[in-house]
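Please read them alongside the coordinates.

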Amino acid sequence: MQETSSYTEAELIAGCVRGDRNAQRKLYEQYASRMYPVCVRYLGREDAKDVLQEGFLTVFDKIGSYKGEGSFEGWMRKIFINASLMQLRKSDVLRRTEDIEQAPETGGTVGNGVLEQIGTRELLDQIGSLPAGLRSVFNLFVVEGYSHAEVGKLLGITEQSSRSQLSRARTLLQEKIKKLYNGKQ
Amino acid sequence: MVSNDFDKRLRDRLEGVTETAPDVWEGISKGLERRRRQVIFRRFSVAVAAAAAVVALALLVFRGPRTEGEVTAPVQIAGTEQPVVTPAEIPDEPAPSETPDIAPIQQQIAAFTKKQAVAVAQKPAVTETPVEETPAVEGPAEETPVAETPVVEQPAVEQPAVDAPSLLTEDDLPADYWEEESRPRRTHTSQISILSNLTTVSSDGDLLYIPSAMHASSQSGKGQASSQVEPITATNAPKFYVPLTVGLQVEFPITERFSVGTGLNYSYLVSQYDMLVDKVMYEGAYNQLHYLGIPVTLSYHFVQTPHVGVYASASAAAEKCVSQRYVYGSNTLNEKVGGLQWSAKAGVGVEYWFIPRMGLYFDPSLVYFFDNKQPFSIRTQQPLQANFEIGLRFKI
């Protein structure tokens, strides 16, 4: 169980369940920096701020339903992923396939050491700059570890489409990373 | 696999990554405050309705049976009618100069009216009229409505007979209140009501994204939008408009204080939320539900005066959704809804009869909608609701 300066995680959760504003503030301060990158990966920096706020409101609303099964951070992360996907659906970007069709199916691979030369913030920005559909599939499959069947369910696409988009996303991201790396040399 | 290696290295880089987030606490704080107020309002509404229901129940349970000597409004009515129907039998005794004790007179009149008020009205020659034993009291005969009542084809009546019941005259009754011959008491009167309901809306919604529903939508095939509508909210705060119910009910007395009622109600519910249709998210789409229902109500009338009635009631209702319509973008879609919506209601009501056969009533109550797999609405999200019904009531 993690501890904050004055609260254990359990105390923090209990305080939030009671609606204690101090506990809510503490929770926000502790997790905002961890959840924000999640939102950036799915939405880019422009929309991530709004979803960060909406996600925390949902967390405080639903925190009573957290039963201690699995990590609390993992539970929170799912809420922010969910909120990000909602935002994407609202703007209807998941349905636009023009960008996806234009993405290359194959491309060069990123060699050893290249990825390590890219800063975390730059890496997040590169992922966030992928077309919405591609980055959603990529994030869900590669980072979150969902199967193609689960990704298909979450995004309302077929399993085959998920595979195809992942391949395109991976190739496009590698291209972007290589370009960024070459620009640094 | 090169791709797997890339994925793994990328995942490792992103695991546990942190980044200074923009400060959004102020917005979160405002949102929390807004939700807190909604919760308080919801609890307050429920508490008020619950308190009303408890008071009604307590009055229902603890109020003892009415005693013979208890003076109630119906007694006053019948007592005042007395001189009109028994003029010939009034003795010519001079009115005493002293005002007698009123209580025994009222008891006698009460006893009389309970048994024979109507009979006396039809047979004025009956000699057991309590007026015989009632000392007439000096009073302003010209002020009693009875004095102005035309007694057709009756012999001239001495004024003292009119004076006697003036003890029980209710000055604030309308002038034409007594014109109806042998007007029935309230508990022997059937009623018809025209009603409208307003229900509190305090639910802030509680929906999160439902992947399985969305998946079902995506699998339902192209070009069949009718089966692809799934109520998936994109926010966790769907908007519910105030439900409206109008109806017609008939009420029949079954005992002196109990009555049963039934009728036909129409309810209209509107919800607004983001809707996914064929993988397209429509923001602020509407869902409109139309219900027809049949309620059965049992009422206990614990206060009954000519003008005011107070009662407690409990009812059950079965409602059928006769139409469900989605309005998203420029499209509309109708869907059939199966099953019935059952509900139970308890509350107290007040009625005011501003003329003898027409009155206004107000019924605050607590209503609970059972989970009968009905479409998403305020009833499924907030099954316990405070309900305020107002209407017009007519005696038939």
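1. Helix α2 of chain A (residues 21-43) falls short of a straight helix's length: for its 23 residues, 1.5 Å a residue would give 33 Å, but the C-alpha atoms at its ends are only 28 Å apart. The model is a predicted one.

2. A bend of about 50° is found in α2(A) at A32(A). Following α2(A) comes G44(A), with a positive phi near 85°.

3. Elsewhere in chain A, helix α8 (residues 148-155) and helix α9 (residues 159-184) have axes that come within 8 Å and cross at roughly 100°. Since 65 to 115 degrees counts as roughly perpendicular, α8(A) and α9(A) are therefore roughly perpendicular to each other.

4. On the α8(A) side, the contact is made by H148(A), A149(A), V151(A) and G152(A); α9(A) contributes E159(A), S162(A) and R163(A). By class, the residues of this contact of α8(A) with α9(A) are 2 nonpolar, 3 polar and 2 charged.

5. In chain B, strand β9 (residues 340-355) and strand β10 (residues 358-369) run antiparallel and are joined by 10 bridges. The two strands β9(B) and β10(B) form a hairpin, with 2 residues between them. For W353(B), the bridge partner in β10(B) is G359(B).

6. What does β10(B) pair with in the antiparallel sense over 11 bridges? The partner is strand β11 of chain B, residues 384-395. In β11(B), N387(B) is the residue opposite S365(B).

How values were computed: Residues numbered from 1 in each chain as written. Chains lettered and ligands numbered in written order. Predicted model: local features only at pLDDT ≥ 70, side-chain atom pairs only at ≥ 80, totals over all residues. Pairing = 2+ DSSP bridges. Helix = DSSP H or I, 4+ residues; strand = E, 2+ residues; numbered from the N terminus. Axes fitted to C-alpha atoms, helices over the stretch in contact; angles between N-to-C directions. Parallel < 35°, antiparallel > 145°, perpendicular 65-115°, else oblique. Contact = placed C-beta atoms within 7 Å. Nonpolar A, V, L, I, M, F, W, Y, C, P; charged D, E, K, R; others polar. Expected span 1.5 Å × (residues − 1). Bend = angle between axes of the 7 residues up to and from the residue.
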